Amino acid sequence: MKYLFAAVMLASAVVGFSEAASAAGGCGPGWYRGPYGGCRPMAARGPVVVVPAPAPVVVVRPRVCPYGFRWWGGRCRPI
(Lines give C-alpha, C1' and ligand atoms only; values in the text may rest on other atoms or scores of the structure.)
Protein backbone atom coordinates (compact mmCIF):
# COMPACT_ATOMS: atom_id res chain seq x y z
CA MET A 1 0.00 0.00 0.00
CA LYS A 2 2.83 2.41 0.80
CA TYR A 3 4.38 1.76 -2.65
CA LEU A 4 1.08 2.61 -4.32
CA PHE A 5 0.83 5.81 -2.28
CA ALA A 6 4.42 6.78 -3.20
CA ALA A 7 3.77 6.08 -6.89
CA VAL A 8 0.61 8.24 -6.85
CA MET A 9 2.46 11.10 -5.13
CA LEU A 10 5.32 10.90 -7.63
CA ALA A 11 2.95 10.85 -10.61
CA SER A 12 0.97 13.84 -9.32
CA ALA A 13 4.17 15.81 -8.74
CA VAL A 14 5.40 15.12 -12.29
CA VAL A 15 2.06 16.11 -13.82
CA GLY A 16 1.83 19.23 -11.65
CA PHE A 17 5.28 20.49 -12.58
CA SER A 18 4.91 19.78 -16.29
CA GLU A 19 1.66 21.74 -16.61
CA ALA A 20 3.01 24.70 -14.65
CA ALA A 21 6.06 24.92 -16.92
CA SER A 22 4.04 24.88 -20.15
CA ALA A 23 1.52 27.47 -18.95
CA ALA A 24 3.95 30.38 -19.53
CA GLY A 25 2.23 32.62 -17.01
CA GLY A 26 -1.20 31.62 -18.28
CA CYS A 27 -0.74 33.46 -21.59
CA GLY A 28 0.57 30.64 -23.76
CA PRO A 29 3.65 30.34 -25.96
CA GLY A 30 4.77 33.59 -27.57
CA TRP A 31 3.03 35.79 -25.00
CA TYR A 32 3.99 37.31 -21.64
CA ARG A 33 2.31 39.10 -18.77
CA GLY A 34 2.29 42.90 -19.05
CA PRO A 35 2.65 45.36 -16.15
CA TYR A 36 -1.08 45.29 -15.38
CA GLY A 37 -1.50 41.52 -15.75
CA GLY A 38 -2.67 41.41 -19.38
CA CYS A 39 -1.18 39.09 -21.98
CA ARG A 40 1.08 40.74 -24.59
CA PRO A 41 2.85 39.27 -27.63
CA MET A 42 6.62 38.80 -27.49
CA ALA A 43 7.09 39.68 -31.18
CA ALA A 44 8.70 43.02 -32.01
CA ARG A 45 6.42 45.64 -33.52
CA GLY A 46 9.03 47.12 -35.84
CA PRO A 47 12.44 48.74 -35.60
CA VAL A 48 13.25 50.89 -32.60
CA VAL A 49 14.46 54.37 -33.58
CA VAL A 50 16.37 56.38 -30.99
CA VAL A 51 16.57 60.09 -31.71
CA PRO A 52 19.39 61.91 -29.92
CA ALA A 53 18.29 64.76 -27.69
CA PRO A 54 19.53 68.26 -28.51
CA ALA A 55 22.40 69.59 -26.43
CA PRO A 56 21.29 71.69 -23.45
CA VAL A 57 21.88 75.44 -23.64
CA VAL A 58 23.95 76.79 -20.75
CA VAL A 59 24.03 80.53 -20.09
CA VAL A 60 26.90 81.68 -17.89
CA ARG A 61 26.99 85.23 -16.61
CA PRO A 62 30.49 86.47 -15.81
CA ARG A 63 31.08 87.53 -12.22
CA VAL A 64 32.48 91.02 -12.22
CA CYS A 65 33.39 92.53 -8.88
CA PRO A 66 34.60 96.12 -8.46
CA TYR A 67 38.24 96.96 -7.76
CA GLY A 68 39.28 95.78 -4.29
CA PHE A 69 36.70 92.99 -4.15
CA ARG A 70 36.76 89.36 -5.18
CA TRP A 71 34.11 86.74 -5.83
CA TRP A 72 33.99 84.35 -2.90
CA GLY A 73 31.19 82.42 -1.19
CA GLY A 74 28.61 83.41 -3.77
CA ARG A 75 29.08 87.20 -3.61
CA CYS A 76 31.62 90.01 -3.97
CA ARG A 77 33.67 90.43 -0.80
CA PRO A 78 36.40 92.92 0.06
CA ILE A 79 39.97 91.69 -0.12
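Cysteine 76 counts as partly exposed because its relative accessibility is 28%; the class covers values between buried, under 20% relative accessible area, and exposed, over 50%, with a 1.4 Å probe and protein chains only. This residue belongs to a predicted model, in which local features need pLDDT of at least 70, side-chain atom pairs count only at pLDDT 80 or more, and totals for chains, interfaces and linings use all residues. Residues are numbered from 1 along each chain as its sequence is written, and side-chain values use heavy atoms, with hydrogens and water left out.

Cysteine 76 is bonded to cysteine 65, with an S to S distance of 2.1 Å; a disulfide is here a pair of cysteine sulfur atoms within 2.5 Å. Cysteine 65 sits in the loop between β2 and β3 (69-72) while cysteine 76 sits in strand β4, so the bond ties together parts 11 residues apart in sequence. The torsion about the S-S bond of cysteine 65 and cysteine 76 is -85°, a left-handed link. In general terms, a disulfide is a covalent bond between the sulfur atoms of two cysteines.

The structure holds 2 disulfides. Cysteine 27 and cysteine 39 form a disulfide with an S to S distance of 2.2 Å. That pair links distant parts of the chain, 12 residues apart: cysteine 27 is in the loop between α1 and β1 (31-33), and cysteine 39 is in strand β2 (residues 39-41). The torsion about the S-S bond of cysteine 27 and cysteine 39 is about -80°, so this disulfide is left-handed. Cysteine 27 counts as buried because its relative accessibility is 15%, whereas cysteine 39 is partly exposed at 38%. When the bonded cysteines are numbered in sequence order, the pairing reads 1-2, 3-4.

The surroundings of cysteine 27 and cysteine 39 include tyrosine 32, which is found in strand β1 and touches both cysteines. Leaving aside residues up to four places away in sequence, tyrosine 32 also touches Gly38, Arg40, Pro41 and Met42, where contact means heavy atoms within 4.5 Å. The C-alpha atoms of tyrosine 32 and methionine 42 are separated by 6.6 Å, and the two residues are 10 apart along the chain. With 37% relative accessibility, tyrosine 32 counts as partly exposed.

The elements named so far belong to a protein with 1 helix and 4 strands, arranged along the sequence as α-β-β-β-β. Helices (H or I, at least four residues) and strands (E, at least two) are DSSP runs, numbered from the N terminus. Of the contacts between residues at least 6 apart in sequence, 0% join residues at least 24 apart.

Leucine 4 lies in helix α1 (residues 2-23) and counts as exposed because its relative accessibility is 53%. Together with Met1 and Val8, Leu4 forms a nonpolar surface patch with about 370 Å² of accessible area. Patches consist of residues with over 30% relative accessible area and no salt bridge, like charges being joined within 9 Å and nonpolar side chains (Val, Leu, Ile, Met, Phe, Trp, Tyr) within 5 Å. A salt bridge is a side-chain nitrogen of Lys or Arg within 4 Å of a carboxyl oxygen of Asp or Glu.

For the protein as a whole, buried residues make up 5% of the 79 residues. The accessible surface is about 7600 Å², with 68% belonging to carbon and sulfur atoms; the areas come from the Shrake-Rupley method with a 1.4 Å probe, and for residues only the protein chains shown count as cover.

The average pLDDT, the predictor's confidence in each residue from 0 to 100, is 77, and 81% of the residues score at least 70. Among the elements, α1 has the lowest mean pLDDT (65) and strand β4 (residues 75-78) the highest (89).
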